Structure formats: structure tokens, C-alpha cells
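Please consult the sequence and structure shown here.

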Amino acid sequence: MVVSRSLRRGGAGVPTMGVEEEFFLVDASGALAPRSVEVLDSAAPGASALLGEFTRSQVESAGPVCTRVDELLGGLRAARRRLAEAAAGQGVRVVAAGVPIMAESGPQRLNPGSRYRRIAERFGAVAAAAGTNCGCHVHVGVPDRDSGVAASNRLRPWLPVLLALSANSPVCEGADTGYASWRQPRWSRWPTGGPPPPMESAEHYETCVAALLESGAALDRRMVYWDIRLSDYNPTVEIRVCDVPSTPEESALLAVLVRALVSAALDDAAAGRTPARRDPAVLRGDLWRAARDGLEGSCPDPLGGGRLRPVHSVLAGAVEHLRPYLARSGDLGYALEALAELRTRGGGAARQRAAHARRSSAADVVDYLAGATVQGLHDRRAPAPGEPPPAHARPFGG
């Protein structure tokens with residue numbers, strides 16, 4: 001993402017934000033299509049940068065710096081349309097899903113570049129599975145790297161909530177995995193994947209990164225794949241735990257919630273309030289629960305001492321807790337409306353399962369996602385949640 005250092009804060013001290021989204025390219029059957037070079041070469045110019053990803057069946061959009069949610073949402077929609085139009089010209093479609101929907105006949109072709117080859121050679125089967133996933137990364141401007149570390153420490157307990165909200169990868173290789181986010185356990189195979197440890201300072205952060213590089217667990221600094229990390233190129237903290245949502249409206253919702261959480265974290269740090277402690281081993285279990293259940297299940301409530309509560313209730317409490325920050329940035333109305341829409345329509349995983357339930361067809365899931373990726377959350381053709389998911393996929397107690 002191209003971020004000017006002059007844009008760390010917007011008007012009235014509101015942090016800037018930006019979003020990166022990753023997508024799959026699929027052919028008419030729904031199978032992954034290695035056409036990223038051709039799609040990117042033919043894409044129309046626009047405000048968002050369009051880029052290649054690990055495999056040639058993936059593309060990425062990196063949006064500009066934004067202050068207002070309407071600006072951000074407009075950019076997300078425009079980037080998705082540009083990719084979809086370029087893909088159509090190459091006989092393929094763009095799909096926003098965390099993992100490949102259809103079974104693949106063999107390993108995916110890598111995008112050109114020696115770095116991708118070196119990653120594949122060093123990490124072998126881990127790279128083959130963990131590299132073929134699509135996430136959503138939210139950047140929020142911070143004053144400096146020590147502030148970024150302070151924000152990271154305070155955002156750690158919120159990672160399961162953000163994962164549950166974004167969960168959009170229940171169907172993989174043609175079948176329901178039993179997880180709302182199958183991407184999360186796949187991605188966690190990377191040796192640097194998962195939540196970051198609590199950090200004392202930016203210096204401590206750098207010490208940990210240097211140790212990962214020395215051990216070979218990361219090929220370079222870009223391979224520090226923590227769910228929260230500091231950007232090496234921008235004055236931002238980057239939250240990376242989320243599946244790519246099927247719709248741009250959900251990505252915008254993630255962005256405004258993350259921005260409010262970062263704002264609250266920086267105020268807490270300035271006031272000397274101690275971050276809520278969540279043991280790393282417990283936090284990994286929290287993420288597992290969020291990945292399994294998604295938006296329709298339960299997760300630990302950071303405002304309730306980590307007790308399990310329905311995700312919708314946790315999100316409602318979060319909005320009330322963050323109300324001053326959401327109101328100051330002009331995001332409160334959007335957050336309330338988007339969350340209400342998701343209560344009615346279901347999360348990304350529930351909508352995928354509804355599409356799958358029509359004919360037990362993974363191809364139907366691909367068709368739904370190809371439409372939702374561009375048409376958005378308000379597309380009336382989207383399937384409404386109907387029958388409960390299979391027993392192995394139901395939230396605990398469901």
C-alpha cells in the first residue's frame with residue numbers, strides 16, 4: 001500500500017486507514033485459473049494498486065489512504081469492479097473467499113519472481129497449503145513504531161472477534177470443512193503465523209523479528225506474518241487476522257472497527273492503562289474457536305474478562321465501548337447499519353453454506369461469491385441462511 005507519511009492523521013485527530021484485499025481467479029467450472037499476469041496487465045487504471053500474489057491464481061488490491069468510510073467503501077467497490085472487468089476479458093472470474101472452493105488437480109503455479117520460488121523451496125508443503133489463501137489486511141496510521149507496539153498489545157484480545165466477524169471460508173476442496181474460517185488454521189501453518197507476542201517496545205519488536213530471520217523461520221521481513229504487525233513501509237499498524245470478506249461493505253466495516261480499536265488503544269496507552277493480559281496459548285485457542293464458529297457462534301469477550309458470549313453480543317458491546325471514537329470519525333452510523341444487516345443476512349460463512357445447501361454444490365458457492373464480490377452485501381440474489389449447517393459445522397451448543 002502506498003501511504004504518505006503526511007497522512008498519519010486525518011481531520012480532528014482521526015487516524016487514517018487503508019485496506020488490502022486478496023482474491024482468487026477462477027474459470028467457468030470454479031477451479032483456480034492461473035491468469036493473474038494477464039488480468040493485471042489488462043486492468044484499467046484506478047486509485048487502488050492492483051498486484052500479484054503468491055500464486056498466479058491470486059490477485060490483490062491495495063487501496064489508497066482514507067479518512068472517511070464512504071471514501072474507503074467507494075475505493076473497495078471500484079477496485080473489485082476493475083478486477084472483475086479485467087478478469088472477464090480473460091475468460092475468468094474474481095472470487096472473494098478465504099480458501100479455494102473447488103478441489104484442485106495439482107499444485108498452483110507461482111507468480112513470477114525469485115522470492116516466491118525461494119519461499120516455496122524453503123517451506124515446501126507448508127507454502128503450498130498456507131500460501132493459497134486470501135485475507136483482508138487493515139492498516140491504521142500511528143504516530144510511531146512504539147505507538148504501534150502499544151496498539152498491538154491492546155488489540156491482541158480482539159483478534160478472535162475480528163476473525164469471527166470476517167470468517168468466509170467454510171467450503172474447501174468441494175466440501176464443508178466444519179470451520180467458518182478454514183483459512184485461519186491453514187494460514188497458522190506458517191512458522192510466523194498467528195498472534196504476535198506481547199511486546200515491551202519497538203526495540204523488543206525488532207529483537208523478535210531479528211531472531212525469526214536468523215532462525216530461517218522468515219525468509220525476509222515481509223514474511224513476519226503475525227496477525228498484527230508494524231509496516232516497514234508505512235507509518236501504520238497492520239491487522240492481518242481476517243479472511244477476505246465476500247463483500248466490500250464487510251471489509252469497510254472491519255476497517256472502521258479496527259480504526260476505533262487502535263484509537264482507543266492509543267488513548268489507553270497514553271493514560272498508562274495496562275493492557276488486558278491474554279496468555280499466548282489461550283489466545284491461540286480463542287482464535288481456533290472463532291475460526292470454527294464464525295459470526296453465528298461464540299467467542300471470548302475482551303470487555304467481559306474473556307468469557308464466552310455470542311459474537312453478535314460481543315460486537316454490540318464493542319460498538320458501545322467504541323462509540324466515542326466511531327462518532328468522532330463519522331463511522332458510527334455505518335457500523336450500526338452494517339452489523340444490523342449481517343444479523344439479518346448472516347456472516348460470510350453462513351451465506352456460503354446457504355448457497356451450498358441448495359444442491360450440495362461447491363460450484364453454486366463459487367457462482368454466489370463471484371456475484372457478491374462485485375454486487376456487495378445488498379445484492380438481493382444472495383442466499384439467505386436456511387437450514388442449519390451440518391452437525392460437524394454447527395457452533396458449540398447449536
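How do the residues of the lining of the largest pocket divide into nonpolar, polar and charged? In this predicted model, the lining comprises 15 nonpolar, 8 polar and 12 charged residues.

**Largest pocket**
- The volume of the largest pocket is about 730 Å³.
- Its lining consists of 35 residues, and those closest to the pocket centre are Glu53, Glu60, Arg222, Arg229 and Arg240.

**Glu53**
- Glu53 lies in the loop between strand S2 (49-52) and strand S3 (58-62).
- Although Glu53 is buried, it has no salt bridge.
- The nearest side chain of opposite charge to Glu53 is that of Arg222, 7.4 Å away.
- Leaving aside residues up to four places away in sequence, Glu53 touches Glu22, Gln58, Glu60, Asn111 and Tyr116.

**Cavities**
- The structure contains 7 cavities of 30 Å³ or more.
- The largest cavity holds about 70 Å³ of space.
- Trp158, Val161, Leu162, Leu257, Leu261, Leu315, Ala318, Val319 and Leu322 line the largest cavity.
- This lining divides into 9 nonpolar residues, with no polar and no charged ones.
- At least two lining residues of the largest cavity come from each of helix H5 (159-166), helix H8 (248-270) and helix H10 (311-321).
- H10 provides the largest share of that lining, with 3 residues.

Note on methods. Residues are numbered from 1 along each chain as its sequence is written. This is a predicted model: local features need pLDDT of at least 70, side-chain atom pairs count only at pLDDT 80 or more; totals for chains, interfaces and linings use all residues. Side-chain values use heavy atoms; hydrogens and water are left out. On a 1 Å grid over the protein atoms alone, a cavity is a set of points where a 1.4 Å probe fits but cannot get out, and a pocket is an open set with protein on both sides within 12 Å along at least five of seven lines; lining residues have an atom within 4 Å of a point. Grid points are joined across faces, edges and corners, and a volume is the space filled by probe spheres set on the points. Ala, Val, Leu, Ile, Met, Phe, Trp, Tyr, Cys and Pro count as nonpolar, Asp, Glu, Lys and Arg as charged, and the others, Gly among them, as polar. Helices (H or I, at least four residues) and strands (E, at least two) are DSSP runs, numbered from the N terminus. Buried means under 20% relative accessible area, exposed over 50%, partly exposed in between (1.4 Å probe, protein chains only). Lys and Arg count as positive and Asp and Glu as negative; His and the chain ends are not counted. A salt bridge is a side-chain nitrogen of Lys or Arg within 4 Å of a carboxyl oxygen of Asp or Glu. Contact means heavy atoms within 4.5 Å.
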